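Hi everyone, thanks for coming along. Let me put the structure up on the screen, and then I'll walk you through it.

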Amino acid sequence: MDWLKYALKRLLMLIPVIICVTFILFVILSLAPGDVARMVLGADATAEQIAALNHEMGLDKPLLIRYVSYMLDAVRLDFGTSWTGNFDVLEEFSFRLPYTLLVSTLAICFAIAVGVPLGIASAIKQYSLLDYGCTFVVMLLFSMPAFWLGTMCQIFFCLMLRWLPVSGVGSWTCYILPTIILGANTLASMIRMSRTSMLDVIKMDYIRTARAKGNSQKDVILHHAIRNSLIPVVTQIGINFAGTIGGAVVTENIFAIPGIGSMLINAVKGRDVPVVMGTVIFITVIVGVINLIVDLVCALIDPRIDLAS
Amino acid sequence: MKKVGLILLVALLSMSIFAAGSGESTASQDKDSVTLVVSGNPYRFYALSETGCGGDDNLVLSNVYDCLLCLEADGSLTPALAESYEVSDDGLVYTFHLRQGVKFHNGTEMTAEDVKFTFDKGAAGPLGSALFINYDHCNIIDDYTVEIVLSSPFAAFPYGVASRLGGICSKSYWEEVGDEGYLASPVGTGAYKFVEYVNADHVTLEAFEDYWRGAPSIKKVTIALVADVNTQILGLQNGDYDVMRDPSIEMCQRFEKMNGISTSIGDSTARITMTLNAWSGIGADLNFRKAVQAAINKDDINAAVNNGEATILTVDICPMYGGYPDQIEGVPYDVEAAKEYLASSSYNGEEFAINVQAGTTYETVARVIQAQLMEIGINCTVEAVDNMTYQSKLTERNYDASIINEASSLIDADSISTQFIPGRFGQSYPREAEIYEMAQLGRGLSGDERKELYGDIAQILLDEAYTVPLYNGINTVAYNSQLDGVEAHCLGYYNFRYWSWK
């Protein structure tokens with residue numbers, strides 16, 4: 001039951017985090033120059049129409065009152081209606097979240113499936129051609145920004161080879177490039193982290209002991225080294241998953257995926273406060289929950305981690 | 001490891017074979033559907049509600065609804081739901097003779113009741129004062145004849161009739177579903193029925209088989225909403241999209257060299273202008289404004305931004321506007337004259353900032369102007385800001401100069417007057433009341449008299465150097481060469497009924 005108590009404690013700790021994040025964001029959005037009502041109504045609107053819309057959106061009230069009233073509504077799961085698109089924020093989010101989660105999960109799975117074995121292999125065969133190759137790939141993937149890599153892959157795989165569609169979500173092939181692009185950075189960190197971690201572990205005394213007992217290399221790696229070397233990797237996966245949901249903003253834009261990333265970009269461009277606020281709250285909660293899951297998984301892998309303390 | 005490598009290789013190869021198969025199917029056309037890709041986000045598909053509608057919504061509105069008159073790509077008007085119309089001698093009464101047997105998408109017939117409903121509701125709504133200018137009331141003569149009565153004459157009224165607000169809506173359907181229902185499920189008499197809208201993703205339209213002009217050739221139109229321009233370009237080249245709205249001029253020239261992609265470039269109804277602050281700061285000095293006016297080389301701007309494709313404006317009125325004064329000569333580019341004006345002004349090296357929306361072609365326009373003004377000794381800077389800040393500075397009149405895109409749904413010289421409505425933006429141009437009064441007078445004139453009057457207004461603007469007209473906006477479209485009938489429209493939308501596969 002320790003883990004349940006721990007999980008509850010962590011979830012409660014999310015509340016002050018959400019309050020801090022939303023308050024800072026709310027203040028920044030309110031202080032930014034520009035008249036939202038005029039933007040929504042257009043240049044031909046009269047002063048009365050603008051005043052009426054400001055009243056309707058509650059913009060004529062003091063900042064703190066607006067914030068408190070927004071948060072009270074949010075607690076009741078009423079995140080309001082978009083100022084520029086006339087849609088319900090929660091409904092829209094529920095429609096878009098599966099796309100973002102799908103692409104992010106695929107990207108993470110791709111990064112783990114390719115990155116962890118490669119990292120472990122290059123640690124076992126340190127200073128080999130494979131190891132140098134992996135280090136080169138890691139440097140390359142870390143250095144290339146997603147928008148550039150995305151466009152290059154679109155040109156190569158879509159225009160030159162005609163293998164894949166450029167954008168959209170119409171078929172499973174549409175997800176191949178976004179998965180690779182969104183997972184590229186995580187892949188690099190997976191290779192690096194699992195390599196470093198494995199190198200640390202195989203130099204430890206208990207591994208030497210296991211070898212001295214006559215265990216084969218395969219046995220030593222599979223039964224003794226991997227489990228310990230995976231703990232930092234799992235933590236890294238959690239951090240990267242959270243980063244991937246943020247990184248989806250760029251990837252979704254490039255590949256025209258109707259996820260929350262593209263929703264956030266459109267909202268920021270149009271200063272659509274309810275959508276920006278709602279989306280950021282959702283992302284904060286998702287990231288918080290993912291981090292919690294990672295901690296629980298770490299405790300599962302490593303019995304030395306005591307959640308109660 | 002060798003085995004793992006081999007398995008990976010086989011997996012990759014088989015994946016590529018599957019992917020290649022699906023790529024071919026994406027590129028092949030089923031010849032009765034079209035995907036148009038745009039970067040805007042149309043979402044209001046009914047013009048008569050309190051939320052109004054904007055430019056991007058036109059992409060859908062112009063195809064779901066028909067107006068009494070149709071605005072063609074080149075800005076001309078042709079008969080649509082009205083077979084003909086007459087204007088009374090005093091210019092106050094427009095009598096429209098409606099086409100008989102026209103069906104709404106829900107099967108009901110369009111009659112004079114629907115026309116009256118549309119005009120009455122449209123005029124009372126948020127867009128009424130801008131598009132149904134001087135509309136007073138509508139009389140139903142019989143089921144197929146209406147009289148629209150204006151409070152005072154307005155020569156450009158037919159453009160309002162053909163605007164997005166003039167799309168005829170069904171009165172009986174509105175009585176059944178109200179504004180909310182109409183917005184969610186629009187019904188018009190247009191060539192296409194509204195099927196589906198997924199926010200910021202796509203809009204789907206389907207051909208209306210009972211359309212009064214005959215069923216359109218393209219049976220399904222998908223408007224893909226893709227924010228990233230690079231993705232649009234690559235998607236068009238890859239065959240994912242058939243038509244791309246508004247590629248840059250430079251991109252159009254590259255498309256033209258490619259097999260299978262054609263382009264169309266046309267004048268828009270927009271004037272790209274630099275407007276100057278003439279009510280405070282250094283801009284209040286006429287000599288300074290004249291120095292700025294003479295120092296700007298519009299050809300250089302056109303070459304930098306449009307590869308020289310746009311029409312240079314001599315006055316702040318587009319040549320396609322009704323009442324265009326072709327008798328007026330603009331102010332020539334003259335660096336020496338500009339330096340003389342500057343020397344006689346009270347300018348003392350203060351900063352002169354150009355307000356412009358960041359990341360647009362207008363930012364390039366501002367940068368070219370900055371270089372030209374620095375050449376005559378003006379300490380010019382460019383304030384490239386986000387759209388909201390830009391608009392806010394514009395409406396608060398908080399700038400030294402602003403690059404503006406004045407697009408107009410009414411293709412008429414009267415559009416010039418909106419900038420000079422007295423008191424609209426608080427303190428503004430010193431002679432705004434006089435200009436506005438003249439423009440009001442122009443609404444009731446016709447022929448040469450009208451041209452002369454707008455010539456006088458344009459001359460005041462040049463003499464006072466309130467604005468520096470730069471160039472006529474352009475609209476572009478790139479499309480699959482197998483498509484027929486695709487043309488850049490002056491208002492940036494398309495009449496899909498003209499499109500067909502070869």
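A quick definition before anything else: a helix here is a DSSP run of H or I with at least four residues, a strand is a run of E with at least two, and both are numbered from the N terminus. With that in hand, chain A reads α-α-α-α-α-α-α-α-α-α-α-α along the sequence. In other words, chain A has 12 helices and 0 strands. Please keep in mind that this is a predicted model.

Let's stay with chain A for a moment. Its C-alpha trace spans about 85 × 55 × 30 Å along the principal axes. Of the 309 residues in chain A, 38% are buried. As for contacts with a separation of 6 or more, 74% of those in chain A are between residues 24 or more positions apart.

Now, how do H1(A) and H12(A) cross? Helix H1 of chain A covers residues 2–31 and helix H12 of chain A covers residues 273–301; their axes come within 9 Å and cross at roughly 155°. An angle over 145 degrees counts as roughly antiparallel, so that is what H1(A) is to H12(A). The crossing of these two helices, H1(A) and H12(A), is right-handed.

If you'd like to find the contact on the screen, look on the H1(A) side for residues including A:Trp3, A:Leu14, A:Val21 and A:Leu29. Among their counterparts in H12(A) are A:Val273, A:Val280, A:Gly288 and A:Ala299. By class, the contact of H1(A) with H12(A) has 18 nonpolar, 3 polar and 1 charged residues.

A second pair to look at is H5(A) and H11(A), whose axes come within 8 Å and cross at roughly 130°. That angle makes H5(A) oblique to H11(A). From H5(A), the contact takes A:Glu92, A:Phe93, A:Arg96, A:Leu97 and A:Thr100, and from H11(A) it takes A:Ile260, A:Gly261 and A:Met263. Sorted by class, the contact of H5(A) with H11(A) has 4 nonpolar, 2 polar and 2 charged residues.

One residue I'd like to point out is A:Met144, in the loop between helix H6 (129–143) and H7 of chain A. A:Met144 and A:Asn185 are 41 residues apart in sequence, with 8.6 Å between their C-alpha atoms.

On to chain B, which has 15 helices and 18 strands. Its radius of gyration is 25 Å, close to the 23 Å that the globule rule gives for 502 residues, so chain B is as compact as a globular protein of that length. The C-alpha trace of chain B spans about 80 × 80 × 35 Å along its principal axes. Buried residues account for 48% of chain B.

Finally, how do the two chains meet? Here 40 residues of chain A are in contact with 34 residues of chain B. On the chain A side, the elements giving two or more residues are helices H2 (36–41), H5 (89–124), H7 (146–160), H10 (217–255) and H11 (260–269). H7(A) gives the most to that side, with 5 residues. By class, the side of chain A that touches chain B has 20 nonpolar, 14 polar and 6 charged residues.

That's my tour, and I'm happy to take questions.

Key: Residues are numbered from 1 along each chain as its sequence is written. Chains are lettered from A and ligands numbered from 1 in the order in which they are written. This is a predicted model: local features need pLDDT of at least 70, side-chain atom pairs count only at pLDDT 80 or more; totals for chains, interfaces and linings use all residues. The radius of gyration is taken over C-alpha atoms; the globule rule is 2.2 Å times the number of residues to the power 0.38. A residue is buried if 20 or more other C-beta atoms lie within 10 Å of its own, exposed if 12 or fewer, and partly exposed in between; C-beta atoms are placed from the backbone. Two residues are in contact if their C-beta atoms, placed from the backbone, lie within 7 Å. Ala, Val, Leu, Ile, Met, Phe, Trp, Tyr, Cys and Pro count as nonpolar, Asp, Glu, Lys and Arg as charged, and the others, Gly among them, as polar. Axes are lines fitted to C-alpha atoms, for helices over the stretch in contact, and angles run from 0 to 180 degrees between N-to-C directions. Angles under 35 degrees count as roughly parallel, over 145 as roughly antiparallel, 65 to 115 as roughly perpendicular and the rest as oblique. A crossing is left-handed if the near helix is turned anticlockwise from the far one by less than a right angle, and right-handed if clockwise.
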